Amino acid sequence: CLKKQKYYSISMSLATTMIAIFLQIITYFLFTTTASSPHGFTIDLIHRRSNASSSRVSNTQPGGSPYADTVFDTYEYLMKLQIGTPPFEIEAALDTGSELIWTQCLPCLHCYDQKAPIFDPLKSSTFKEKRCKTHDHSCPYEIVYADKSYTKGTLATETITIHSTSGEPFVMPETIIGCGGNNSGFRPSYSGIVGLSRDSLSLISQMGGAYPGFISYCFAGKGTSKINFGANAIVAGDGVVSTSMFVMTAKPGFYYLNLDAVSVGDTRIETQGTPFHSLKGNIVIDSGTPLTYFPVSYCNLVRKAVERVVTADRVSDSSRNDMLCYYSNTIEIFPMITMHFSGGADLVLDKYNMYMELNRGGVFCLAIICNNPTQVAIFGNRAQNNFLVGYDSSSLLVSFKPTDSLTPRGFTIDLIHRRSNASNSSRLSNTQLGSSPYADTVFDNSVYLMKLQVIDTGSEITWTQCLPCVHCYEQNAPIFDPSKSSTFKEKRCHDHSCPYEVDYFDKTYTKGTLATETVTIHSTSGEPFVMAKTVIGCGRNNSWFRPSFGGFVGLNWGPLSLITQMGGEYPGLMSYCFAGNGTSKISFGTNAIVGGGGVVSTTMFVTAAKPGFYYLNLDAVSVGDTRIETLGTPFHALEGNIVIDSGTTLTYFPESYCNLVRQAVEHVVPAVPAADPTGNDLLCYYSNTTEIFLVITMHFSGGADLVLDKYNMYMESYSGGLFCLAILCNNPTQEAIFGNRAHHNFLVGYDSSSLLVSFSPTDCSALWN
């Protein structure tokens, strides 16, 4: 029974001086407004949706969910995956209690005897050692486990390939792995370990924004099974029980649950009144540890409750781990055990989960070991067998669904004490892991400037103008000078710089090179939220942007967006509330959850053509009492037909459907039509009031009916006396867009893990005050 008590230190010599990048961040609001009763607009219709997509994750099947086969190996589960180009298959232990993905690598200084061939980086065209400020520029890592097994080597980036439900491979280029050339104490069946914790270097964290923190597995104790990621990993339906997961400052990557009690038959043993009691997490759920471990004082209470009811003869534990063992020819003599987790999640465990027969037969042992109080309590994988176990890091839930599987017999005890103790990765250097990041936004005539970087949910890359400039537009604020930052480092592609180019529909563009840099924003703890080694674009050739723009902050769910690079603690949770004037905030993490009375939510979708965009499904638009269905028009879809975007002001519909909506407005507005002074063919009328217009409602899928204020849908010119419908007719080849003017005075929340966008009617100007 492997207990991986990892005393885990990645020793990387990285720059420690962090700086805050102050980019002025834009969410293209193209109309001058005020918070309550705005008057006047300047139409400067910059239609700047980017066509480009980063090659950081090259999957072409974003509708599919990744998965991998797992194989039971005596006491642990090995995950099949491929690394390198061409793909090289390995089988590594999957471990929700570990961060790093590592494998043995040639040439070996000292490698343990491995049955399968050892990975040779020289045979892979995509292998690249990471560079650090050491004497030889390598990035060394070292993980020493409590049983004295260890792995030592260097960090590198490599392509990882696993299956997906689309049938196409799920490819993760430039994934950080450990290349272990000095490893000892592992079984020959191991090629290494796949870390699945919440930390930034784990496999799940490096999958990117489309698959943020969803994992599920179902272990039968023998044969081959699967581990699922993304939307296919959701655990729901009859019989499911769910409990909260917690983040502990000392062990931020571990999945902590709160155990309230254990019942042995009808005897309930509360943790309350013992040192084991907690309200914020007291036990780690772990796929990489077979047995369950309780602190010794509480463990003895549970053992005594078993001893009171078992009538068989005691026998000493031959594994020398002081397990509670009995002679018996049947498991039926033992009482049922129930784990009572917080929130009423009562997990009734099969006797197989809690008692195991030794290979020689006739001896059964309780699958609970008494632990040193200084070590973490662990809910091991033996107890999880025959449950579909789902992790949702966004909603902070672990779910269990009883599942009928084959029940294996026999167990080999080989207690390797291998749980790691610390996660010292400097990828995210924040010390306030319980807090939520946020940034201030300021309305600036026709755009939202975010104090730090740029807000655009329709863009991926975060970029700023950089010195020296080949061609930079005039910028009000000083331009960022990388030579003055000790943490700036250009990314290297095949020993050269990594160029990027983003061309927008309005012919503006940014060109430059990719780099890693420290990004700093506020957090609710009062301490800065520091993101070391964040990939940004350093733009040295940029054109046609406003002087107030310092660049863009990409907030879509592509792998290079700011929210994706925040790491596992903040997986895709984001909210904003725009009033059209003054200062507001954009929030990330748990502080960004939108709930309560009046909230309506709708599903977001991933489309193959634009995998990073937040697509919604618009079923209909009502103009007053007239409902115009998308059904029966080319605009109709069931899996996403309109992008919700903080970076586009107006709402854009395809021309045929747009004309139906415009005609419905024309039928009821009694005012005199007027030509659009901007030349953009907006539907405009002479009027001194919005009261002549009917309310417009957007009907999104799932019954999310968004009743929009007249201000959201009609806008007044600067000179007054002229109102225009804030909907433009779009070329059918371009995306339909639900623009930010329509979002005003809604608290808008994005939850990429649960695939939901939520709207709560809110006086945004009052909210932040």
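**Views of a predicted model**

**View 1. The whole protein.** Of the protein's 769 residues, 62% count as buried. The model is predicted. The protein has 7 helices and 58 strands. Its accessible surface comes to about 28200 Å². Carbon and sulfur atoms hold 52% of that surface.

**View 2. Helix α1, end to end.** Helix α1 takes in residues 296-309, 14 residues in total. How far apart are its end C-alpha atoms? They are 20 Å apart. At 1.5 Å a residue, the helix should span 20 Å, so the two values agree.

**View 3. The buried face of α1.** Which residues of α1 are buried? They are Tyr298, Cys299, Val302, Arg303, Ala305 and Val306. Seen down the axis of α1, the buried residues fall within an arc of 155°, so they line one face of the helix. An α-helix has 3.6 residues a turn, so residues three or four places apart point the same way.

**View 4. Ser98 in its loop.** Ser98 lies in the loop between strands β5 and β6. Strand β5 covers residues 88-95, and β6 covers 102-104. Is Ser98 buried or exposed? Ser98 counts as buried, because its relative accessibility is 4% and the cut-off for buried is under 20%.

**View 5. Ser98 and Asp95.** The side chains of Ser98 and Asp95 are joined by a polar contact. The contact is 2.7 Å.

Technical notes: Residues numbered from 1 in each chain as written. Predicted model: local features only at pLDDT ≥ 70, side-chain atom pairs only at ≥ 80, totals over all residues. Heavy atoms only, no water. Helix = DSSP H or I, 4+ residues; strand = E, 2+ residues; numbered from the N terminus. Expected span 1.5 Å × (residues − 1). Buried < 20%, exposed > 50% of the residue type's maximum accessible area, 1.4 Å probe, protein only. Arc of directions from axis to C-beta. Polar contact = N/O pair within 3.5 Å; in protein donor to acceptor, adjacent residues only side chain to side chain. Areas by Shrake-Rupley, 256 points an atom, 1.4 Å probe, with all protein chains shown as cover.
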